[in-house]
Each structure stands twice: as C-alpha cells, then as structure tokens.
Amino acid sequence: MGVTGEAPDFEALSGKVNQMLSAFGSARSRRGLTADEVLIFLAAGQLSFMPEEPGQPAKPVTYIAISYLLNIPKETVRRKAQRLIELGLVESTSQGITVADAGSWSAFAASLLKC
C-alpha cells in the first residue's frame, strides 16, 4: 500500500525502471561503461553542478565525496574515475575531478530520468 492507502502503480514503476535499465544498458554498449562507472559519472556531475550559490561554475569533486555519496570505497572510485578520465568523460584537476562536458552529462542524466 502507498502512503495514501492506495495500491502502488506497478505498471508506471515498471516503465520507469525499464527506462533506467535501458539507459544503463546503452551506456554499457555504446561507451563500454560498467554500472559503477555510470554511477561515478553521475555522482561527479551531481556534486559538481551543485554550487552553493546559483550562477557559480561547476566545482571539482573529490573521490572521498563520491565515495561517501555512493557508499563505495574511495579506492574503487579512484580506479573507476581513472577509466572515465581515459574515456574523456571526466577531467582531473588538482582539487578533484569534473565532468568534461556538462551537456553530455545532462543528456545522459535526462535519459535516465526521461526528463
């Protein structure tokens, strides 16, 4: 039962899960990304594009911040992020990593959410 006492809409939920899985599958087949790499790419963008004040540019994000958000070891984040760097999806800076192309990140995130 839902919060309002109504039965959940499993058909709608199933459709959204199918869209998400399809987007993950597409990332795997087109870019050769693992599920962890997809999550790290999404987390890097999410954390980078959350400036404290509107209008601020994206900020670099640390492996520790991504590790904390995803609850995976920092070393796993570092290793998988290195592959994302090699693929040109993220860039390394002295302060952490940033998404290389905000438009590409946004399009991928939107495809997961079907925005």
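Where is the place of Asn-71? In this predicted model, look in the loop between helix H3 (63-70) and H4.

**View 1. Asn-71 sits in a loop with a positive phi.** Zoom in on the stretch between H3 and H4 to find this residue. Its phi comes out positive, at about 60°, even though Asn-71 is not a glycine. Is Asn-71 buried or exposed? With 69% relative accessibility, Asn-71 is on the exposed side of the 50% cut-off.

**View 2. The largest nonpolar core brings together 24 residues.** Phe-41 and Ile-66 are the ones with the most contacts inside this core. At least two core residues come from each of helix H1 (10-31), helix H2 (35-48), helix H4 (74-86), strand S2 (96-99) and helix H5 (102-113). H2 gives the largest share, with seven residues.

View 3. Phe-41 has a relative accessible area of 5%, so it counts as buried.

**View 4. Phe-41 and Phe-108 make a tilted ring pair.** The model has two aromatic pairs by count. In this one, the ring centres of Phe-41 and Phe-108 lie 6.2 Å apart and the planes meet at 50°, so the pair is called tilted. It ties together distant parts of the chain: Phe-41 belongs to helix H2 and Phe-108 to helix H5, 67 residues apart. Phe-108 is buried too, with a relative accessible area of 13%.

Notes: Residues numbered from 1 in each chain as written. Predicted model: local features only at pLDDT ≥ 70, side-chain atom pairs only at ≥ 80, totals over all residues. Heavy atoms only, no water. Core = buried A, V, L, I, M, F, W, Y, C linked by side-chain atoms within 4.5 Å. Buried < 20%, exposed > 50% of the residue type's maximum accessible area, 1.4 Å probe, protein only. Helix = DSSP H or I, 4+ residues; strand = E, 2+ residues; numbered from the N terminus. Phe/Tyr/Trp six-rings, centres within 6.5 Å; stacked < 30°, edge-to-face > 60°.
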